[in-house]
Amino acid sequence: SLKREDVFQRIVDHARELCGSDLASLAPYDALAGTATIVAASGNYAEGVIGLEVRPGRGAGGKVLEAGEPFVTEDYHKDPRITRDYGQVALRRGVVTLAVVPLRFGGAITGLLWVAHRARRSVGRRDLAVLGKLADQAAIALENSRLYADAQELAADRERVRLAAELHDT
């Protein structure tokens, strides 16, 4: 499927499965607006995070947007490196361990990919490597979906111009 919703849902489903996590989510980053908005999530209570906006410097995802590096915490609620902007969201979902990696395309951050566990757990190199590979694929999928949407809009514009010219000629 070229539909971004389908592609992103598959990515978060696979991220959750491959990392053995309880929750996974994905958010494209809009640099102009300065927000990453969660558009896909997988796991129990996942639907409650759809639409959540993350800003640089706020929460674990915000740290990744600022630093451009993966972020891992084994105790979300006690980690002093994280601002408490999204603490209630994490608490309601039972998040304890969290890993966030950036999606990159053309050297720029284009989104974020999270996996969360409801129990304290060590996130090893393998998990970060898996997330990094999925993030690479998600970044490509995000760009492809943008290009596909642009192509669809261009085709619709061309059809409008053709119809207008045809009406003008008649």
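These legends go with a set of close-up views of one predicted model.

The model comes with a few ground rules: local features need pLDDT of at least 70, side-chain atom pairs count only at pLDDT 80 or more, and totals for chains, interfaces and linings use all residues. Residues are numbered from 1 along each chain as its sequence is written, and side-chain values use heavy atoms, with hydrogens and water left out.

**View 1. The whole chain, end to end.**
Here we have 4 helices and 7 strands, with helices (H or I, at least four residues) and strands (E, at least two) taken as DSSP runs and numbered from the N terminus. Reading from the N terminus, the order is α-β-β-β-β-α-β-α-β-β-α. The C-alpha trace spans about 70 × 30 × 30 Å along its principal axes. Of the 170 residues, 42% count as buried, meaning under 20% relative accessible area, with exposed over 50% and partly exposed in between (1.4 Å probe, protein chains only). Contact means heavy atoms within 4.5 Å; of the contacts with a separation of 6 or more, 52% are between residues 24 or more positions apart.

pLDDT is the predictor's confidence in each residue, from 0 to 100. The chain averages 89, and 99% of its residues reach 70 or more. Among the elements, E2 has the highest mean (96), while helix H4 (residues 125-169) has the lowest (83).

**View 2. Strand E1 and its partners.**
Two strands pair if DSSP finds at least two bridges between them. With E7 (residues 108-117), E1 pairs in the antiparallel sense over 6 bridges, and Pro28 stands opposite Gly111 there. With E3 (residues 40-43), the pairing is also antiparallel, over 4 bridges; look for Ser25 opposite Ala41.

**View 3. The E1-E2 hairpin.**
E2 (residues 35-37) pairs with E1 in the antiparallel sense over 2 bridges. Asp30 has Thr35 as its bridge partner in E2. The hairpin leaves 4 residues between the two strands, and Gly34 in the turn has a positive phi of about 75 degrees.

**View 4. Trp114 and the largest nonpolar core.**
A nonpolar core is a set of buried Ala, Val, Leu, Ile, Met, Phe, Trp, Tyr and Cys residues joined through side-chain atoms within 4.5 Å. The largest one has 24 residues, of which Tyr76, Leu98, Leu112 and Trp114 touch the most other members. Two or more residues each come from E1, helix H2 (59-67), helix H3 (87-93), strand E6 (97-105) and E7. E7 gives the most, with 4 residues. Leaving out residues up to four places away in sequence, Trp114 touches a list including Leu23, Leu26, Ile38, Val54, Gly61 and Leu98. A second, separate core of 23 residues includes Ala40, Val101, Val115 and Leu142.

**View 5. Helix H2 and its neighbours.**
The buried residues of H2 are Gly59, Ala60, Gly61, Gly62, Val64 and Leu65. These buried residues pack against E1, E2, strand E4 (53-54), strand E5 (71-73), E6 and E7. Just after the helix, Gly68 takes a positive phi of about 75 degrees.
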